[in-house]
Amino acid sequence: MFSLLSMAARNLLRNKRRTTITVLGIAMGLSLVQTAYNLNFGNYTKLLDSGIRGTAGHVVLQHPQWQDEREVDHVVENSQVLAEALRADNPQALITRRIFAGGLLTSPTNTIPTGILGIDPEIESQLSSTSEKMVEGAWLEPGDAKGILIGDTLAKRLGVGLKGRVVVMAPDPDDPSESVSQLFRVRGIYHSGVATLDNFTGITTIEGAQPLLRGTDAAHQLAVVYDDDTQTAAAFAKAEGMELGGAAALSWKDAVPDLRNFIQADTQTNDTFFFVIGFIVVLGVVNTMLMSVLERVREFGVMLAVGMRPGRLAMLVLTEGVLLGAAAALLGTLLGAAFTYPLATTGLDFSAAYGETVETAGVAMDTLLIAKYAPGRMAAYAVSAIVMTVLASAWPAWRVTRMRPIQAIQHL
Amino acid sequence: MLALAWRNIWRHTRRSLITVAAMSLGAAMCMPMMAMMEGMFSTMFDVAITQQTGHVRVEHPDYPETLSMFDTLQDAESMLTAMEALPEAAAVTWRAYGAGLLGTEDKSVGTQLIGVDPVREVAVSPTESMLDQGTWLSAPGQILLGHGLAEELGAALGDEVVIMTQAADGSIGAGAYAVIGTMRSGNKMRDKQGAWMSLADLQELLYIEDQVHEVVLLASGGKGGVAALQDQVTAVAGGERLVRSWQQAQPQMAEMLKSGEAQSMIMLGVIFFLAGFGVLNTMLMSVFERTRELGVMMALGTRPGKLVQLIIIESLLLAIIGAVIGGLLGGGLDYLMCTSGINLGYGDLDLNGVVFPERIKGIFHPDQVVMVLASMMSVTVLASLWPAWRASRLNPVQAMKAD
Amino acid sequence: MAIVSVSGLTRNYQQGTHTIRALRGVDLEIEPGEFTVLMGPSGSGKSTLLNLIGGLDEPSGGAVLVEGKDLAQMSRTERSDMRRDRLGFIFQAYNLIPVLTAAENAEFVLQLQGKDAAARRKRALETLEVVGLKGMEDRRPNELSGGQQQRVAVARAIAADPALVLADEPTANLDSKTSDALIETMKRLNEDLGVTFVFATHDPKVMEAARRVIHLVDGEIVEDQRK
């Protein structure tokens with residue numbers, strides 16, 4: 001029994017070498033695209049995760065103007081009370097407070113302008129990896145208002161070591177023309193890989209940083225951090241419904257736009273590249289299919305002569321395209337999955353070129369890229385491959401409809 | 001042979017054109033992309049290298065570690081004169097660094113102070129492109145703020161700012177300066193927290209007299225002339241001073257540039273590898289179609305080797321046409337990329353401390369054209385080898401019976 | 001009623017500035033049951049006439065009526081369907097579809113008509129038996145000799161019970177013995193089953209077997225002999 005499908009399949013098998021080369025070409029292109037995406041996906045996922053957890057949260061509460069103008073004055077007051085309320089609403093999340101202030105860190109030998117980060121050490125250690133990157137000393141204890149942690153580079157520049165003393169000079173929150181000084185002791189020295197943290201930041205507790213802020217029990221950011229994105233919408237709704245006392249609630253998409261921008265820009269660049277690859281492969285398929293169609297002019301002529309409708313003949317050619325595409329999509333995806341495997345386990349190590357971490361949008365990006373399978377996207381690319389192959393066969397199919405049986409018969 | 005090959009190609013105009021189209025498209029895409037990457041790397045180089053370490057830098061041996069105000073170069077003036085006389089030096093400048101609280105009436109902020117020689121700096125750093133608003137330093141008492149810093153302070157052109165800092169002798173140094181411009185240097189840290197002022201002003205503020213923290217040189221031979229320059233500088237600088245090339249000062253940048261080149265090659269490889277499948281199929285079919293004709297040629301005495309040549313020349317010709325078209329198209333796109341640049345539409349891109357402007361411009365280099373076209377030609381020829389080999393294996397008698 | 005009725009048929013071709021007049025006004029009628037040959041030297045217009053009758057080509061002037069219907073009034077699709085349902089074709093060479101078996105080639109038109117698989121298969125085997133190819137139904141064209149391929153073409157041509165079978169030089173590529181056998185087969189189909197045949201040929205053997213011979217010279221009928 002034969003049908004269009006069976007005929008199409010048999011036609012493709014007529015010239016096994018040609019069909020194999022065509023399918024291989026498309027499959028290689030597809031697998032490369034899928035593998036490249038999986039590699040990026042793994043990277044983005046990690047990046048987003050660290051970014052969200054380390055510098056913001058799935059939902060954050062901030063002063064309404066703080067997102068645009070990170071002024072030290074744009075605080076949220078009564079932060080402790082708000083934190084408790086958030087904790088009650090989100091029992092499964094981690095709730096933390098953060099202060100982003102700045103000033104001059106002075107030591108006997110040097111003066112360096114730095115940011116002063118005020119955190120809740122117990123919770124923050126679960127959110128960011130800096131607590132694991134201590135080089136000397138220890139992480140902060142909760143409530144330690146006089147302790148400070150600094151990066152190794154900063155320590156060297158200030159010429160201070162563990163237990164050393166530094167003074168933070170900052171504008172007086174109540175009278176900016178005056179300055180305040182605060183003494184801290186270095187409790188620990190870290191190396192995070194993020195230049196800003198290592199060179200230009202001192203980390204202390206909320207209690208340690210609050211004297212630099214105006215207002216009662218002030219902080220710049222309250223963050224609600226879950227394990228993944230699934231609870232974000234619900235948490236956001238709850239936060240908005242709270243008595244916020246003038247603060248604004250944001251979801252992470254608005255809170256870390258730089259990160260999102262980077263990912264989007266990178267994705268777009270890659271997609272453009274993928275499209276170019278696809279187009280080039282498709283051109284090759286067009287040529288191949290055209291030639292295969294022109295080879296069969298006589299046979300098509302006979303089919304039209306005995307009464308096959310041109311539309312049906314075109315469908316035959318398109319069906320050949322579909323089968324080619326499907327075979328290539330299958331092979332390509334298998335290859336893509338196979339190529340991704342070593343990248344997902346061992347990964348691609350760029351540390352020789354870029355160092356251990358590269359900082360982007362304020363987050364440390366690991367230079368050891370580990371791929372992550374993105375089955376949805378892989379499937380989407382596979383489907384595109386089929387679609388593009390069918391499109392490639394569209395022109396040959398159209399040409400077939402323009403054939404007149406008599407020209408075909410006389411084509412000797 | 002050449003004429004025959006040429007005519008053979010045009011027997012099937014459309015098929016040849018499509019093959020050429022695939023190749024030229026690949027080429028046309030690669031060139032602007034390479035230009036863009038070159039542009040990005042160049043920006044990174046400028047920000048990380050030229051603005052800071054130059055091609056060769058001279059410092060107090062302890063300074064890189066401590067970055068302390070006190071680790072200065074003494075007797076800098078005579079050294080500078082000697083450096084300027086060096087044949088390998090294209091430009092020389094010197095700088096000092098400090099930190100202080102810089103502010104307006106309402107607000108002050110911890111700031112990194114960069115003291116530059118208003119005249120000499122222009123020859124070393126791309127001051128023109130670094131300047132966002134206003135004008136470069138021309139007289140004492142002037143200051144340029146990083147655009148992020150200016151925004152935070154709410155300081156505008158013409159405003160006066162005051163700096164308070166700890167001077168070298170332990171006293172409080174203070175000074176007032178007029179804001180004559182803002183900077184968008186691309187260096188994230190400096191744009192947010194940096195201020196540029198004249199060397200003399202900073203030396204006065206910090207009370208360090210005529211000392212500087214670094215002397216920076218650009219090589220007349222460009223990146224290639226760095227080694228020669230370094231040798232000359234070392235000879236003049238004397239043993240107590242630290243003389244480093246940019247590769248030594250920022251080894252990662254050197255690695256990154258190399259890896260960037262590798263990335264380009266991989267991209268080219270991938271694109272043309274995939275295009276090669278199409279060429280392979282096309283040539284195989286073209287040889288098959290002509291079986292009888294090739295059989296006749298062999299029967300008449302053409303040697304198999306000649307047939308191989310014929311096929312390879314045909315594909316080379318196709319490649320050359322592709323090269324011309326691709327070159328023109330790619331060149332055009334490349335030109336656009338280098339003049340107008342491409343707007344990725346996602347705001348400033350921040351990577352490793354370098355902030356790329358929203359509109360990234362490409363940089364052209366003849367190498368780009370050469371590499372792209374070379375890849376294209378080699379892939380095309382490689383793809384034609386198998387079909388050519390098949391042609392040479394034809395049995396004349398059987399071939400003539402075919403079709 | 002005549003199956004085919006041709007009046008004032010002309011066909012011209014443009015070659016550069018030169019006009020070739022392949023048919024210069026032909027009138028003709030084909031009745032059911034005929035075994036007719038159009039003959040003439042190369043360029044006489046016999047193939048052109050055959051193609052016009054079969055609706056494979058369009059005339060420059062005049063009319064072709066098949067079973068009373070004017071081909072010129074039909075759309076491309078209607079003509080295509082007409083060929084499928086009412087005509088059978090046998091060409092000089094390359095008749096068969098290489099990827100289909102003999103049976104599948106034979107039942108091709110029935111498949112186009114949408115007949116169900118069982119009925120198609122039965123009819124295909126029938127026709128193959130009638131043309132003397134019993135047992136060969138699962139062979140592909142490249143496994144059949146030239147003569148056998150032509151027989152399959154005949155089987156396909158009659159499978160849908162056409163009103164008329166048009167054959168363009170069916171014996172031209174065959175040796176004399178195979179030719180004879182093929183002609184014999186077609187003659188039997190005509191005499192026993194009443195299949196109407198019109199040939200365009202210059203094979204004298206076909207002419208001999210024919211009951212009506214129409215001579216064409218330079219696009220005109222010069223003689224129309226019935227035996």
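Modeller: In chain C, six strands make up an open sheet of mixed pairing, in the order β6-β7-β8-β3-β9-β10, where strands are DSSP runs (E, at least two residues; helices are H or I, at least four), numbered from the N terminus, and two strands pair if DSSP finds at least two bridges between them. This is a predicted model, in which local features need pLDDT of at least 70 and side-chain atom pairs count only at pLDDT 80 or more, while totals for chains, interfaces and linings use all residues. Residues are numbered from 1 along each chain as its sequence is written, with chains lettered from A and ligands numbered from 1 in the order in which they are written.

Colleague: Which strands stand at the edges?

Modeller: β6 (87–90) and β10 (220–226) of chain C do, and each has a single partner strand, so one side of each lacks a neighbour in the sheet.

Colleague: And how many bridges join β9 to β10 in chain C?

Modeller: Six bridges join β9(C) (residues 212–217) to β10(C), and the two run antiparallel; C:Val213, for instance, has C:Gln225 in β10(C) as its bridge partner.

Colleague: Switching to helices, at what angle do α2 and α15 of chain B pack?

Modeller: α2(B) (residues 13–53) and α15(B) (residues 366–392) pack at about 150 degrees with axes 9 Å apart, the axes being lines fitted to C-alpha atoms over the stretch in contact and angles running from 0 to 180 degrees between N-to-C directions. That makes α2(B) roughly antiparallel to α15(B), a label for angles over 145 degrees.

Note on methods. Angles under 35 degrees count as roughly parallel, over 145 as roughly antiparallel, 65 to 115 as roughly perpendicular and the rest as oblique.
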